[in-house]
Amino acid sequence: MLEWDMVPERCSIMIKGRICNMPPSHIVSIFSDNEEYMIGLVCNDHISLMESKTATMQNSGKINKGKIRFQKIKPVMTDCVLNQNNIDKAGNCV
Ligand SMILES: [Zn+2]
């Protein structure tokens with residue numbers, strides 16, 4: 001399970017200097033050496049763009065190489081995180 005310090009409310013993609021205002025649908029993370037860390041959030045429309053941007057950053061050494069992973073954000077999960085509640089094994093807010 002991924003840990004995060006903050007929950008950005010928007011897609012991380014920036015196009016021509018403008019940040020995408022769509023609500024994020026997936027967490028983007030890099031998985032390498034048994035460690036996983038979040039690099040951003042992305043909306044439905046920008047998943048493939050995020051994938052190619054991430055690959056470019058990996059190739060230029062800006063971020064670690066590793067497998068790019070997209071995890072769907074559950075609305076309940078976002079609410080739980082924002083409200084600092086916990087999620088049980090079934091994925092419900094407790
Ligand atoms: Zn977007």
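A residue counts as buried if 20 or more other C-beta atoms lie within 10 Å of its own, exposed if 12 or fewer, and partly exposed in between, with C-beta atoms placed from the backbone. Keep in mind that this is a predicted model, where local features need pLDDT of at least 70 and side-chain atom pairs count only at pLDDT 80 or more, while totals for chains, interfaces and linings use all residues. Numbering starts from 1 along each chain as its sequence is written.

Start with Lys16, in the loop between β1 (14–15) and β2 (18–19); strands here are DSSP runs of E, at least two residues, and helices are runs of H or I, at least four, numbered from the N terminus. Lys16 is exposed, because 4 other C-beta atoms lie within 10 Å. Its phi is positive, near 50 degrees.

Next, select Asp33, in the loop between β3 and β4. Asp33 also has a positive phi, of about 50 degrees, and is exposed, with 8 other C-beta atoms within 10 Å. Most residues other than glycine have a negative phi.

Now select Cys11, Ile13, Ile27, Val28, Leu41, Val42 and Met50: these seven form the largest nonpolar core, a set of buried Ala, Val, Leu, Ile, Met, Phe, Trp, Tyr and Cys residues joined through C-beta atoms within 7 Å. Two or more of its residues come from each of β3 (26–32) and β4 (35–42).

Finish at helix α1 (residues 47–59): its 13 residues should span 18 Å at 1.5 Å a residue, and the end C-alpha atoms are 18 Å apart, which agrees; the expected span is 1.5 Å times one less than the number of residues. Just after α1, Gly61 has a positive phi of about 80 degrees.
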